[in-house]
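Have a look at the sequence and the fold, then read on.

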Amino acid sequence: MTEPYDLITMGRIGVDIYPLQTGVPLARVETFGKFLGGSAANVAVAAARLGRRSAVITRTGSDPFGDYLHQALRDFGVDDRWVSPVADLPTPVTFCEIFPPDDFPLYFYRRPKAPDLVMHPEELDLDAIAAARIFWITGTGLCEEPSRGTTLAALEARARSGITVFDLDWRPMFWGGEGGASGDGGARGAEARAAARPFYEAALRHATVAVGNVDEAEVATGLRDPKSCAQALLDMGVELAVVKQGPRGVLAVHRDGRSAEVPPTPVEVVNGLGAGDSFGGALCHGLLAGWDLERTMRYANAAGALVATRLACSSAMPTAEEVDAFLAER
C-alpha cells in the first residue's frame, strides 16, 4: 500500500449553487456561482489546502455535475479514487441565500436519494481506512441505510487506531425534522433528535474526537451547556471533545484534563457556511502537527474566520500561509 493518508473523510458531497449577490432573496437572484460542496468533501479540501494528503470516500451521480466534482477534487489536491458514480441518482445540489452576518438559509436538493447515502461495506478500502492518520465521518452519513451501516462498518474496521473524528454535523431535515437550516429542526426537531441519538451514540463508541456546535452536541448528549456537553461526550468514549459556541468561541476538553476555551476571531462576515468545514480541516492539521489544544483551537478559529469573509466554501479554504498571516495581524 502507498504511504498512509493524513486524512480520509467519508460522507456528503454535492454542488453548491451560491448567489453572486448578497442580501437578495433567492427568488430574485439573477447570477450564481458553482462550487464543490458537502461537509466531508470540504474538510478534505481544507486539509489539502494546508498541505495535508487527503482523500474522500463518497458517491456522486453519473452526470455532468458528478464529472465536475471529480475535477474539482483533483484541482484542490484531494484524491478522488473512492468517489464512485450511482447510475440512477442525480448529483445533489444545494442553494443558499446570503444575508450577512448570520442568516444563510440552505436548500438541499437530494431527492429521491443522495448518492453519498448509497455506499456499501464491500466497496470500502478498509486497509486504507485503518492506516490513515485521521479518519473523519459525519452525522449525515448515519441518517439512512446503506450509508449508516457502511459508516459504522468503517468505524469498526478502524478500531480507534490513529485519530478518528466524528463530525456531529446535524441536519434535522435529513432525519425527518423541519425548519430548513434551523438548528432545532422546527416542530419535529425533538423527534428527529431522538431518532438520531442511538446512531450517534454508536458512532461515538468508535471515535476518539467529537466536534460540533451546541445544537449538534445536544443531538448526541441531550444537553446544551457546552461544558456539560463536552464532559458527556468524553463519558461516551471520545478522548477529545470540541464544542463550538458561536459568538462565545470554542471549547476543547481532553480526557487527560487539558482544556482550552478560545474566543472567536472577529471578522466582517460575507458567508458563514464554510467556516465550520475550514475549522475542521485546520483542526486536523493541528492534531497531526501535535500542537497543544489552545494553539490548535486558535488556528482552527482563524481558518474558519477567514472562510467566513469569503463567498464560497471549498474554493475559499485558506492556505497555511494565509492563516499564519491572518493570525500575525491579531
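At what angle do helix α9 and helix α10 pack, and how far apart are their axes? In this predicted model, helix α9 (residues 293–308) packs against helix α10 (residues 320–328) at an angle of about 100 degrees, and the axes are 10 Å apart. The points below take up this pair, then a second pair, and then a proline.

**Helices α9 and α10**

- An angle from 65 to 115 degrees counts as roughly perpendicular, so α9 is roughly perpendicular to α10.
- On the α9 side, the residues that meet α10 are Arg298, Tyr299, Ala302, Ala303, Ala305 and Leu306.
- Their partners in α10 are Ala320, Glu322, Val323, Asp324, Phe326 and Leu327.
- Sorted by class, the contact of α9 with α10 holds 9 nonpolar and 3 charged residues, with no polar ones.

**Helices α1 and α8**

- Helix α1 (residues 39–49) and helix α8 (residues 275–289) have axes that come within 7 Å and cross at roughly 50 degrees.
- The crossing of α1 past α8 is right-handed.
- From α1, the contact draws on Ser39, Asn42, Val43, Ala46 and Ala47.
- From α8, Asp277, Ser278, Gly280 and Gly281 take part.
- The contact of α1 with α8 is made up of 3 nonpolar, 5 polar and 1 charged residues.

**How covered is α1?**

- Helix α1 is mostly covered, with 10 of its 11 residues buried.
- The buried residues of α1 are Ser39, Ala40, Ala41, Asn42, Val43, Ala44, Val45, Ala46, Ala47 and Ala48.

**Proline 226**

- Proline 226 sits in helix α7 (residues 226–235).
- Is proline 226 buried or exposed? Its relative accessible area is 9%, and buried means under 20%, so proline 226 is buried.
- Leaving aside residues up to four places away in sequence, proline 226 touches Val214, Val243, Gln245, Arg248 and Leu251.
- Proline 226 and aspartate 127 lie 99 residues apart in sequence, and their C-alpha atoms are 36 Å apart in space.

Definitions and conventions. Residues numbered from 1 in each chain as written. Predicted model: local features only at pLDDT ≥ 70, side-chain atom pairs only at ≥ 80, totals over all residues. Heavy atoms only, no water. Axes fitted to C-alpha atoms, helices over the stretch in contact; angles between N-to-C directions. Helix = DSSP H or I, 4+ residues; strand = E, 2+ residues; numbered from the N terminus. Left-handed = near helix turned anticlockwise from the far one by under 90°. Contact = heavy atoms within 4.5 Å. Nonpolar A, V, L, I, M, F, W, Y, C, P; charged D, E, K, R; others polar. Parallel < 35°, antiparallel > 145°, perpendicular 65-115°, else oblique. Buried < 20%, exposed > 50% of the residue type's maximum accessible area, 1.4 Å probe, protein only.
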